[in-house]
Amino acid sequence: MAIQRALISVSDKTGVAEFARKLVEQGIEILSTGGTAKALQEAGITVTEVSDYTGFPEMMDGRVKTLSPKIHGGLLALRDNKEHMNQAEENGVKMIDLVVVNLYPFEQTPIIENIDIGGPSMIRSAAKNFRFVTVLTDPWDYDAVASEVAENGDTSPEMREKLARKAFTMTSKYDEAIDAYFRENLGEPELLNLHYEKVSSLRYGENPHQKAAFFRNPENTDSNITNSTVLHGKQLSFNNLVDGDSALELVKEFEAPTAVFIKHNNPCGVAGAEKIEDAFIKAYEVDTMSAFGCVIAVNREFNNAMVDHIKANKMFVEVIIAPSYEKKALERLMKRENLRILETGELKKDSNSRDIKKIEGGLLIQTKDDKELTAEDLKVVTEKKPSAEEIASMLFANKICKHVMSNAVVMAKGTVVTGIGAGQMSRVDSVFIAGHKGGENIKGSVMASDAFFPFPDALEEAAKLGVTSVIQPGGSINDDLVIQRANELGVAMVFSGRRYFRH
């Protein structure tokens, strides 16, 4: 059955005149209200005012326009129900086959008069009767609907159902915004509504006996693990996604060509260089043993030289993430059947500033730790001053330390990590582990600590390993004691004033 009549009443008039003109070209009658009718008429489109059709004028400053049985009867009548159609004919109700409505901008301007009543009512009536009625709430859908109507005279059942779902999602979010407005005015607790859509079920969770699924935020368009394109390989596992997220978020910290190797949600190798392939090799060499079964992220195109290194060292890699891939490099990587290959496109810092952690029965929400630390933020607290090169290296190590599980220390020379101590209950033990991993390479390194030193012991162990400069937040009641010991050891120390706990 072809569409014969459309009702158009929109707040956002983007593209509506062009869309209405296409409907008129198909012989479809246009009903419209107020400002929309005026805009269409000014564009040379013939419309019937809703008030002329219903026999009732718009009243009460526009609060009552479309709340009429002649509107909602035309939307809700079942076309294959004889009783419905007879009642419609007896009461002068004409069928409305297409509704184009978007709502007053309450979220942008939360005032009582922007609470739309007639719009949501028409949307819900049309969406409920999607078997016969098409409901349009998003200008992005105008072209698709116009094409189907031009070709078939009507939209497909599949499209109508999809648009109905979209319409109910829109009215649901609209009501949430109104609820939030009243909660704020009344001083009631904020209600957090998180809407995530399912991407896929996963084979299992962190462990084989746990069930799991992957959900995404449909409103997030940033360059992240969720929005990456899988070019090749087995389905991403729960742990692949967790480690991939850590790898990608860390590599996004750097402007220079940088490679990151992640194992069990902690970096085991990070390096920067003028060429991405050199950064890749140096990052791998930080801890070749831990790199077995790792996730790798780079912030430049993945090239053939990196594939050569993977092959020459017989590296077992779970996931590779890159903005793009050289054609030949991708062809070679895809010969590895189980390797997951992800492409992110251009890397950008996230626009979402919210970090969410789950606890049993609740959520913890905080702002994202995305403030850039610069040399100007640092306070030299020791007699020995760090060199410009050491300061640059400390800032490099400090960025990485932010992504290591606490208690954390990161040692580095230039823009190459030499040792990482992660996730220990004692900071001294983290230094021990970093020293064990780095060995002789630690000599001449700088060290970043995610939190202050409560005692000089971790500093003393770092000095034994050959660390020359240290960056830490400061703030301990024993700062003076730690500074005194650094002076005795001949170690330069700066305070950043910023802690980087990660749990």
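Begin with the largest cavity, which holds about 70 Å³ of space, where a cavity is a set of points, on a 1 Å grid over the protein atoms alone, at which a 1.4 Å probe fits but cannot get out; the grid points are joined across faces, edges and corners, and the volume is the space filled by probe spheres set on the points. The structure holds one cavity of 30 Å³ or more. This is a predicted model, in which local features need pLDDT of at least 70 and side-chain atom pairs count only at pLDDT 80 or more, while totals for chains, interfaces and linings use all residues. Residues are numbered from 1 along each chain as its sequence is written, and side-chain values use heavy atoms, with hydrogens and water left out.

To display the cavity lining, select Glu253, Lys371, Glu372, Leu373, Leu395, Asn398, Lys399, Lys402 and Tyr500, given that lining residues have an atom within 4 Å of a point. By class, this lining has three nonpolar, one polar and five charged residues, with Ala, Val, Leu, Ile, Met, Phe, Trp, Tyr, Cys and Pro counted as nonpolar, Asp, Glu, Lys and Arg as charged, and the others, Gly among them, as polar.

Keep Glu253 selected, and find it in the loop between α9 (238–251) and β9 (258–263); helices (H or I, at least four residues) and strands (E, at least two) are DSSP runs numbered from the N terminus. Is Glu253 buried or exposed? Glu253 counts as buried because its relative accessibility is 10%, the class being under 20% relative accessible area, with exposed over 50% and partly exposed in between (1.4 Å probe, protein chains only). Neighbours within four places in sequence aside, Glu253 is in contact (heavy atoms within 4.5 Å) with Lys349, Lys399, Lys402 and His403.

Next, select helix α4 (residues 69–76) together with helix α6 (residues 118–128), whose axes come within 8 Å and cross at roughly 25°; the axes are lines fitted to C-alpha atoms over the stretch in contact, and angles run from 0 to 180 degrees between N-to-C directions. The crossing angle therefore makes α4 roughly parallel to α6, a term for angles under 35 degrees. Ile71, His72, Leu75 and Leu76 of α4 make the contact with Ser121, Met122, Ser125, Ala126 and Lys128 of α6. Sorted by class, that contact has five nonpolar, three polar and one charged residues.

Within helix α4, centre on His72, which is buried at a relative accessible area of 16%. Beyond neighbours within four places in sequence, His72 touches Thr66, Leu67, Ser121, Met122 and Ser125.

At the peptide bond from Ser406 to Asn407, which is cis, omega is near -10°, and Asn407 is found in the loop between α13 (388–401) and β17 (409–413). Asn265, although not a glycine, has a positive phi of about 70°; Asn265 sits in the loop between β9 and β10 (266–272) and is buried, with a relative accessible area of 16%. Lys314, also not a glycine, has a positive phi of about 50°, lies in the loop between α11 (304–312) and β12 (317–322), and counts as exposed at 75% relative accessibility.

Terms used: Parallel < 35°, antiparallel > 145°, perpendicular 65-115°, else oblique. 1 Å grid on protein atoms, 1.4 Å probe; cavity = no way out; pocket = protein on both sides within 12 Å on 5 of 7 lines; lining within 4 Å.
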